[in-house]
Structure formats: C-alpha cells, structure tokens
Amino acid sequence: MKVLFDNNAFAYLAQQLKYVNTLNKLKKLVKNERLEVVGSVTLLQELSGLADSNSSLYLQTLLEYEKITNGKILQLSNELLEKEGKELRPLFYKQSLMAKKETHNLFSNLKNPSVANSLFFFETQTLKGDYSQIMENAFRSLLNQPVFINETQKSIRNGYKDWFDNFDTTAQNWFTHMFDVKNDFLVKKLPHVSAFLGYGITRIYERLVQGIKDRDNDFFDRDYFIDASVVDILVTNDERFLQTAKQVPNKRFKVMKLEELISLVDKRYTAEKGE
C-alpha cells in the first residue's frame, strides 16, 4: 500500500506531540515494507515556505519526511503529465520516481533553509500568491464571452452541470484539444493526465455550479492530486481539498483524513506484531 501526504496532513503528523506514537508506528511499517510513504516535490515546494519563518521547525519536518519516504520522491507532476500527453504512454509508479541521486541532491540543497527558500520561491510566493485571483479573472472572462452574454446564471449552471455529468466525454475532448491528439487514444489510460483533467474539470464544476471560489492553496492541491495518481491513498486534513478530491469522478486512489490513516496504521501495526 502506497501513501502520499499533502503538506497539511504531514505537518500535523510530524510537528504535533500527540502524533509521535503514530509516526513511530508508521516508520516501523515502512522499515518492514508493510507500507510505503511516497514523497512528492509538491510537498517539498510547499514546505519550503516555512524555511524563512521557522527554520528549526522546517528542518525538523524535512528530516522526518526524508526518513519516512526513504528516497522515494515523485518527479514534478507537470513534467510527468506533459510527457504522458506528448508520448501517449502511461507513466506508472516506478517510472514516476526521481532517480536516487537526484533525490539525494534535492534533500541536500533543501537542508539549507536559505537555499530552500530561494529554490521554490516562485512556486510558494508568486504562483501560489496570485493563483486565486488569476482563476477568478479567468472565470469572469469566460462568463463575459458572447455565448454567455444573454444566458441567465441558472442556465449557465445547468449547462455546466450537464457538462460535468458527461464527465468521460468532457475529459476526452479536453485531452484531444490539449495535446492535439489525432487518433482515438483514451485519456483514461494516462494516470497523470487523467488526474489533471479530473481535478480541473471538477474545480470548474464547483466554481460555476456550486459557487465555490478558488483559494491560493488550490495551486498545490491540484499537483497533490496529480501526484496521487500512482499511489493508493492520498492523505489530507484540508477539508476543502478533501471534498473536492472525493468529488472527482475518475480518481484512482482513496482520499482520507489523517485520523482515518491513523486507524489503518494501528490495525496494520497490531497485525504486524501478531497481537
């Protein structure tokens, strides 16, 4: 069983004393190969935002993450989905991992807080900081197009509800236009591209039908969702992200809160000890 944390959930696990016992159990299960914790550059990007404000807590969390992932870090989600779409070739778990040497060099650089802060500054400050406004501007621009000018809000919502209800067709059409696909290759064969489209289509549905506006943190949430396309469980304590992820029709993994994972870890740990 492969587990991927978002930064929200791993911060709870690694930084709060009440979870020390769970963290130790999880480490033992990982050591005995009863469970894998798969790392992501997305989490390292988001975690680096803590390097400047609280370097000691940042380093503590980083070291715990390095230990528990044991050199298993996924490549950048955007690079994986782009490669899948251009080559029309699925990249599953093993093909999605960074090389061991690359992982080692990444952690070596991140162990210097000043380097970490500068390494991912563009993602943590510029892209994340402007994300919600960029998306809101995009939706306003969409709704100002001539095709929508004379439509009522109810009509627009119903249209996007029908669009979401026909999810497979919508995703396939997006995929065909996004990568200029000239044949009938099915997007569902590509885990990363499918996850990207699944999350994106669901967020548009939530925004235009359910009225749920974007947050800056959605920038990272989308990438966590893509990362999770090659694991079994995505763990988050972010209620908004949890609800969006659960609503995506084509996801290939389970989504759970930290407390649910703790229950699972306790059961596996007890079974491991033969109690």
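1. Let's start with Asp 223, which sits in helix α14, residues 218–227. Helices here are DSSP runs of H or I with at least four residues, strands are runs of E with at least two, and both are numbered from the N terminus. Is Asp 223 buried or exposed? Asp 223 is buried, with a relative accessible area of 5%. Buried means under 20% relative accessible area, exposed means over 50%, and partly exposed is in between, using a 1.4 Å probe and protein chains only.

2. Before going on, a word about what you are looking at: this is a predicted model, where local features need pLDDT of at least 70, side-chain atom pairs count only at pLDDT 80 or more, and totals for chains, interfaces and linings use all residues. Residues are numbered from 1 along each chain as its sequence is written, and side-chain values use heavy atoms, with hydrogens and water left out.

3. Setting aside neighbours within four places in sequence, Asp 223 is in contact with Thr 42, Ser 77 and Asn 78; contact means heavy atoms within 4.5 Å. Have a look at Thr 42 in particular: 181 residues separate Asp 223 from Thr 42 in sequence, yet their C-alpha atoms are 6.5 Å apart in space.

4. Now zoom out to the chain. How many helices and strands are there? The count is 16 helices and six strands. The chain has 275 residues, and 47% of them count as buried. Take the contacts between residues at least 6 apart in sequence: 71% of these join residues at least 24 apart. The chain exposes about 13700 Å², with carbon and sulfur atoms supplying 49% of that. Such areas come from the Shrake-Rupley method with a 1.4 Å probe, and for residues only the protein chains shown count as cover.

5. Next, helix packing. Two packed helices are described by the angle between their axes and the distance between the axes. Helices α13 and α14 pack at about 140 degrees, and their axes are 8 Å apart. That makes α13 oblique to α14. The axes are lines fitted to C-alpha atoms, for helices over the stretch in contact, and the angles run from 0 to 180 degrees between N-to-C directions. As for the wording, angles under 35 degrees count as roughly parallel, over 145 as roughly antiparallel, 65 to 115 as roughly perpendicular and the rest as oblique.

6. Who meets whom between these two helices? From α13 come His 192, Ala 195, Phe 196, Tyr 199 and Arg 203, and they meet Asp 218, Asp 221, Arg 222, Phe 225 and Ile 226 of α14. By type, the residues of this contact of α13 with α14 are five nonpolar, one polar and four charged. Here Ala, Val, Leu, Ile, Met, Phe, Trp, Tyr, Cys and Pro count as nonpolar, Asp, Glu, Lys and Arg as charged, and the others, Gly among them, as polar.

7. Helix α13 (residues 191–208) has another partner in α15 (residues 239–247): their axes come within 9 Å and cross at roughly 110 degrees. So α13 and α15 are roughly perpendicular to each other. On the α13 side, Tyr 199, Thr 202, Arg 203, Tyr 205 and Glu 206 meet Arg 240, Phe 241, Gln 243, Thr 244 and Gln 247 of α15. That contact of α13 with α15 divides into three nonpolar, four polar and three charged residues.

8. Asn 237 is buried, at a relative accessible area of 19%. Leaving out neighbours within four places in sequence, its contacts are Asp 6, Asn 8, Ala 9, Tyr 12, Lys 257 and Leu 258. Asn 237 and Leu 258 are 21 residues apart in sequence, with 6.2 Å from C-alpha to C-alpha.

9. Two backbone angles deserve a second look. Most residues other than glycine have a negative phi, and most peptide bonds are trans. Leu 88 is not a glycine, but its phi is positive, about 50 degrees. You'll find Leu 88 in the loop between α5 (77–87) and α6 (93–96), and it is partly exposed, with a relative accessible area of 24%. Asp 180 also has a positive phi, near 50 degrees, and is found in the loop between α12 and α13.
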